[in-house]
Amino acid sequence: MLTEGPAIVQFIAEQKPDAQLAPEYGSLDHYRLLEWLNYLASEVHKAFLPLFWNGTDEEKARAKKSIARHFDHIESRLDTDYLMGDDFTVADAYLFTIAGWLDAQKMDTSAWPRLRAFQQRMSERPAVQKALREEGQLQK
């Protein structure tokens, strides 16, 4: 069994190198990808925990402030179609998943128009449509 989001998505990317889901190993972009994956896992994903695990009202309020700061940062860096520029990577799949939790938690995303556009682009990808249908999140 393989655990931890960054390890899982990196493993997936390496199984199909022709799909170009990750930059070439050893390149600076490869390490930028690892930077994003680790930020998403250790900061953003983790910040949602009080909202999912019955945190107190105070913990939930602090979590929402922390989440907003993280998405402010992501918004400031999301000046291209994807996190790493014009090319889709596994970091984008991870961000798409985490950003979807904002709606589930009824958080206002109006301050992040780039993120909203990113979510729209991602939701239109055929592979995303297929995955969402298979998970029962879209009509077949």
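Tutor: Buried means under 20% relative accessible area, exposed means over 50%, and partly exposed lies in between. Please bear in mind that this is a predicted model.

Student: How is Ala22 classed on that scale, with its relative accessible area of 23%?

Tutor: Ala22 is partly exposed, because its relative accessible area of 23% falls between the cut-offs of 20% and 50%. Ala22 belongs to the loop between H1 and helix H2 (28-47).

Student: Which residues does Ala22 contact, leaving aside its neighbours within four places in sequence?

Tutor: With those neighbours set aside, Ala22 is in contact with Gln10, Ala13 and Leu33.

Student: What describes a pair of aromatic rings?

Tutor: Such a pair is described by the distance of the centres and the angle of the planes. In this structure there are seven aromatic pairs. In one of them, the ring centres of Phe71 and Trp112 are 5.6 Å apart and the planes meet at 40 degrees, so this pair is tilted. The pair links distant parts of the chain, 41 residues apart: Phe71 is in helix H4 (residues 57-77), and Trp112 is in the loop between helix H5 (90-104) and helix H6 (113-123). Both Phe71 and Trp112 are buried.

Student: Which arrangement do the rings of Tyr82 and Phe88 have?

Tutor: The pair is edge-to-face, because the planes stand at 85 degrees, with the centres 5.9 Å apart; the cut-off for this class is over 60 degrees. Tyr82 counts as buried at 10% relative accessibility, and Phe88 is buried at 16%.

Student: What sits over the ring of Phe88?

Tutor: The charged end of Arg125 does, at 3.9 Å from the ring centre.

Student: Which residues form one aromatic cluster?

Tutor: Phe48, Phe52 and Trp101 form one such cluster.

Terms used. Residues are numbered from 1 along each chain as its sequence is written. This is a predicted model: local features need pLDDT of at least 70, side-chain atom pairs count only at pLDDT 80 or more; totals for chains, interfaces and linings use all residues. Side-chain values use heavy atoms; hydrogens and water are left out. Helices (H or I, at least four residues) and strands (E, at least two) are DSSP runs, numbered from the N terminus. Buried means under 20% relative accessible area, exposed over 50%, partly exposed in between (1.4 Å probe, protein chains only). Contact means heavy atoms within 4.5 Å. Rings of Phe, Tyr and Trp (its six-membered ring) pair if their centres lie within 6.5 Å; planes under 30 degrees apart count as stacked, over 60 as edge-to-face and the rest as tilted. A charge sits over a ring if NZ of Lys or CZ of Arg is within 6 Å of the ring centre and within 35 degrees of the ring normal.
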